[in-house]
Amino acid sequence: MSRSRYTRRLPAAAVAAGLVLALSACGGETADSTTSAGPAASASSAQLDPNADLSKQSLAISVWDGYTPKELPQQVKEKLKTELKVTLHANNEEIMAKLTSGTDTGLDVAFVSGQYAQALNEAGLLEPIHPELVPNLANLFPEAKELSYDKGNVFSVPYTWGTTGICYRNDLLKTAPTSWNDLLNPPAEAKKKVTMMITERWLALPAIKALGYSVNTRSDEEIAKVKEKLLAAKPNLLAYDDTTFRDRLKKGEAVMVEAWDGWCPAGEKNIDFVVPKEGSDLWVDTMVILKSSKNKEAAHAFINYILDPKVHGWAAENILYGVPNKAAMELVDPELKASMPSLQMTPSQLLQGESIIDLGEDSVKFTRLATEVAAQQ
Amino acid sequence: MTGSTVSGATAVPRSRRSRALGRRSRAIGRLVFLGPGLAYLIVLLLVPLALILSYTVFRRDRFGGVVYEATGENFTRLLDPLYLDVIVSSLKLATIATVIALLVGYPTAYLIAQLPRKWKTIALVAIVLPFWTNFLVRVYAWIVLLSGPGLVNSALGDLGLGPFEFLYNQGTIVTGLVYSYLPLMVLPLYAAIEKLDPQLREASANLGARPARTFVSVTLPLTLPGVVTGCLFVFVPSFGNFVIPELLGGGRSIMVGNLIRDQFLKARDWPFGSTLTLALLAVLIVLLLLQAWSARRA
């Protein structure tokens with residue numbers, strides 16, 4: 001169900017297949033080009049016609065697999081009279097490579113994580129959101145307008161959000177963990193029964209927060225301290241695991257794991273989730289409109305349609321991530337809500353997490369950190 | 001090849017024209033037979049290889065694309081102790097796995113070669129049998145067997161022993177490698193030992209050599225090409241492996257295969273990933289040359 005998270009954060013393990021796919025993806029696809037309505041304004045936002053005939057426009061979007069309902073094209077056709085073509089991307093990097101390649105992708109709307117939306121906007125590739133064309137923005141939580149990569153939703157609209165914490169077995173631990181240090185330096189009953197993630201930013205997160213640094217640190221000195229802490233934690237680990245920690249926890253092979261809120265099966269007996277007291281991250285997946293889009297009215301109408309409580313609620317109930325839509329969250333089945341920490345998280349709790357932002361060239365520091373930690377014996 | 005000998009045998013008196021025709025049909029015949037193989041090699045080996053080679057001199061851009069701007073920095077980065085250590089530790093793990101596979105595989109192949117014909121076939125099928133199951137499933141099976149609450153520990157627990165921590169260290173990586181590639185060691189060894197004329201060993205014994213001496217001076221040198229081929233078959237996939245370190249090593253140690261996979265899929269640094277691939281290829285080419293050399297000597 002939340003497989004999309006796997007494909008999103010963690011590119012598939014099959015290198016050969018992935019490589020072939022990536023190569024073919026780089027070949028690029030062009031959507032059926034509708035007759036060009038003149039070049040889009042390059043510097044400022046385009047003049048948009050609120051009464052445009054949407055049936056004359058067509059939309060091409062790119063999204064993670066499983067992140068929108070399969071029937072979306074039919075639903076959009078019915079509601080907006082617009083043809084919708086959905087292409088899929090495996091992870092942020094893949095869609096970023098496509099969007100920043102300089103060639104016209106024919107895409108109108110793309111789903112990317114917040115820090116990537118920020119980078120796309122800095123590169124001048126995004127159309128500002130015209131709020132008057134998206135009345136459903138009113139459904140969002142007030143906190144959803146305070147996201148640090150894009151305060152006020154100027155160029156992006158949040159779709160899902162969540163955080164990272166410790167998922168644990170309350171029957172196999174003597175005391176419930178409250179701090180990242182409980183994970184990094186586990187009690188005797190949890191030694192060699194702890195997993196941490198190996199994907200760069202999340203590998204660093206527990207140590208960063210335990211040391212009181214920012215998740216977006218670029219300081220070599222701080223990263224060196226983080227490395228030290230992670231290496232000290234390594235002998236107590238069962239394994240580094242981004243994908244199967246849930247099963248390990250259920251089987252009791254692990255008793256405490258670093259987990260995304262949407263991945264912790266807290267509805268199961270004896271399994272609980274906690275956001276450590278030192279704080280954590282806040283990730284947001286967003287929708288953006290490309291400046292190169294020739295169907296900007298339809299693109300806005302599409303985002304407005306997604307923000308409809310019923311449509312947006314689909315994401316909460318099926319991907320099991322929180323959605324920043326107040327009206328949608330109110331519609332979620334209470335029983336399901338009770339079983340998933342990701343659906344119980346309040347916006348103000350989430351906002352205590354620190355947004356991961358794009359570090360540009362400094363991101364290689366985290367790549368290196370992950371390699372160093374994994375390579376050390 | 002078959003085509004050419006047939007036409008050569010039938011066309012006894014040859015005019016210049018028929019010779020030209022023969023040449024052309026021979027060329028067509030070659031094309032038909034070689035074509036699919038050649039196309040396969042060109043499309044799926046040479047083209048990707050050329051791509052990889054060309055990427056090694058370029059640079060990654062901020063979002064993981066390739067900037068076509070010549071640079072040598074990927075090669076200097078290769079000399080960074082961090083990456084050298086990973087390459088050296090991969091060499092070490094692959095070598096240990098190969099030696100163990102040889103020590104287990106040689107007696108196995110030797111015994112199979114001595115079996116009566118019917119049992120030989122059965123034994124060989126048994127050796128190949130694991131290949132009929134998906135590789136990943138077989139690796140996961142080890143986790144089911146050896147994990148903390150796994151089958152082995154619960155069986156030992158019934159006897160009042162354990163639980164033991166078998167999994168997620170370099171030892172289990174080597175175990176996984178040996179297990180996965182042992183058949184590739186046994187088969188070429190079997191082929192070499194099977195070919196060995198038993199009379200040679202008898203002659204050695206008749207001339208007064210003890211069995212150990214016969215083995216060292218006769219059997220081993222004559223089966224050396226099989227030994228080298230088997231070692232290569234085990235070493236090559238072990239050296240570049242990334243699934244076993246991740247699953248049976250718990251991601252706690254990485255091999256050069258993991259490094260390459262991460263460059264392409266996580267760091268999106270294709271140029272450096274290509275450079276690492278080239279380094280791996282260089283090691284393997286040296287090994288293949290050694291094998292060719294030893295085969296020629298034999």
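Reader: How far apart do the C-alpha centres of domain 1 of chain A and domain 2 of chain A lie?

Author: This is a predicted model. In chain A, the assignment gives domain 1 as 3-24 + 48-162 + 283-345 and domain 2 as 164-279 + 357-375. The distance between the C-alpha centres of these two domains of chain A is 28 Å.

Reader: Which helix gives the most to the side of domain 1 of chain A that touches domain 2 of chain A?

Author: Contact between the two domains involves 17 residues of domain 1 of chain A and 13 residues of domain 2 of chain A. On the domain 1 side, α1 (3-9), α5 (114-122) and α14 (341-344) of chain A each supply at least two residues. With four residues, the helix that gives the most is α5(A).

Reader: How many residues of that side of domain 1 of chain A are nonpolar, polar and charged?

Author: The side in question is the part of domain 1 of chain A that touches domain 2 of chain A, and 17 residues of domain 1 take part. Its residues divide into two charged, five polar and 10 nonpolar.

Reader: What percentage of the residues of chain A count as buried?

Author: The secondary structure of chain A comes to 16 helices and 11 strands. Among its contacts between residues at least 6 apart in sequence, 77% join residues at least 24 apart. Chain A has 377 residues, and the share that counts as buried is 49%.

Reader: Which helix of chain B supplies the largest share of the side that touches chain A?

Author: Between the chains, 25 residues of chain B are in contact with 29 residues of chain A. Two helices of chain B, α4 (81-114) and α12 (256-265), each supply at least two residues of that side. The side divides into 11 nonpolar, seven polar and seven charged residues. Its largest share, four residues, comes from α12(B).

Reader: What separation do the centres of domain 1 of chain B and domain 2 of chain B have?

Author: Chain B is divided into domain 1 (2-55) and domain 2 (73-297). Taken over C-alpha atoms, the centres of these domains of chain B are separated by 37 Å.

Technical notes: Residues numbered from 1 in each chain as written. Chains lettered and ligands numbered in written order. Predicted model: local features only at pLDDT ≥ 70, side-chain atom pairs only at ≥ 80, totals over all residues. Contact = placed C-beta atoms within 7 Å. Nonpolar A, V, L, I, M, F, W, Y, C, P; charged D, E, K, R; others polar. Domains from an automatic or database assignment. Buried ≥ 20, exposed ≤ 12 C-beta atoms within 10 Å, placed from the backbone.
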